[in-house]
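The coordinates are shown first, and the entries follow.

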Amino acid sequence: MTPSGGSKRSYHHGDLRNALVDAAAQLAEEGGPAAITVRAAARIAGVTPTAAYRHFEGHEQLLDAAKERAMERMGAAMQVYVRALPETDDPVQRSLSTLAAIARGYIQFARSEPGLFRTAFQQGGSILDGETIVKSDIPFVLLAQALDDLVATGMLTREYRPMAEITAWSAVHGFSNLSIDGPLRDWPEHMLEQALARMLDILGRGFVGDALAHYDFVTPAIPSSGSSTTA
């Protein structure tokens, strides 16, 4: 074991940068963003700090890479929930179910990987580059596409589409933070599920109104035990 608590790993020649990012992600899993340093990542990768500094000039560059890896892992977790949805020929049901699955995957990732979740949003960052969504922010891209699909069904009007992802993101991210760092942290599972179902119901009605009563928006799509949430 290394002083950081992680095991040293070998890497293929020419792949040190990726090995260091993997090490930074491991550090984030174990201790959140504060645990990520170039020296600690170098220890896990089994190289000298000097070798690591050839790829990352300092802590900020490595943290940025770890944030991107955490976003990728979060996006993969959300997609696991989407893939677990039952097949349907109803485009409205499919769009609503996808939104709910994205929300549940996001929250489950926060609860199962709190260190990576905190790292993903360390020091703010932006999901926009000018007016364009940054494509590496996979969770935001998934949410935006799901809302666009709901507009295509006619259930969400174009008038209410602008910034709708911020509304959904605020609700789901807030619930995630409350459940890992706030007063919901110690709630039993059945109470958390009741609170999540109510939050989703209110969010869904905000998008499509009383028409939501005709669709299943809050029932969880549980991924199979063999599904992976890692990228």
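Entry 1: cover of α1. I looked up what lies over the buried residues of α1 and found that the cover includes α2 (38–45), α3 (49–53), α4 (59–83) and α6 (114–120). Contact here means heavy atoms within 4.5 Å. Helices are DSSP runs of H or I with at least four residues, numbered from the N terminus. The model is predicted: local features need pLDDT of at least 70 and side-chain atom pairs pLDDT 80 or more, while totals for chains, interfaces and linings use all residues. Residues are numbered from 1 along each chain as its sequence is written, and side-chain values use heavy atoms, with hydrogens and water left out.

Entry 2: α1 itself. I listed its buried residues as Leu 16, Ala 19, Leu 20, Val 21, Ala 23, Ala 24, Ala 25, Gln 26, Leu 27 and Ala 28. Buried means under 20% relative accessible area, exposed means over 50%, and partly exposed lies in between, with a 1.4 Å probe and protein chains only. I then checked the length: the 16 residues of α1 should span 22 Å at 1.5 Å a residue, and the end C-alpha atoms are 22 Å apart, which agrees. The expected span is 1.5 Å times one less than the number of residues. After α1 comes Gly 32, with a positive phi near 75°.

Entry 3: Arg 17. I placed Arg 17 in helix α1 (residues 16–31). Arg 17 counts as partly exposed because its relative accessibility is 44%. Leaving aside residues up to four places away in sequence, Arg 17 touches His 55, Phe 56 and Ala 65. I also noted that the C-alpha atoms of Arg 17 and Ala 51 are separated by 9.7 Å, the two residues being 34 residues apart along the chain.

Entry 4: α2. I found six of its eight residues buried, so that α2 is mostly covered. The buried residues are Val 38, Ala 40, Ala 41, Ala 42, Ile 44 and Ala 45. Their cover includes α1, α3 and α4. Gly 46 follows α2, and its phi is positive, near 80°.

Entry 5: α7 against α8. I recorded that α7 (residues 138–153) and α8 (residues 164–181) pack at an angle of about 125°, with axes 10 Å apart. That angle makes α7 oblique to α8. The contact involves Phe 140, Leu 143, Ala 144 and Leu 147 of α7, and Ala 164, Glu 165, Ile 166, Ala 168 and Trp 169 of α8. Angles under 35 degrees count as roughly parallel, over 145 as roughly antiparallel, 65 to 115 as roughly perpendicular and the rest as oblique. Axes are lines fitted to C-alpha atoms, for helices over the stretch in contact, and angles run from 0 to 180 degrees between N-to-C directions.

Technical notes:
Helix = DSSP H or I, 4+ residues; strand = E, 2+ residues; numbered from the N terminus.
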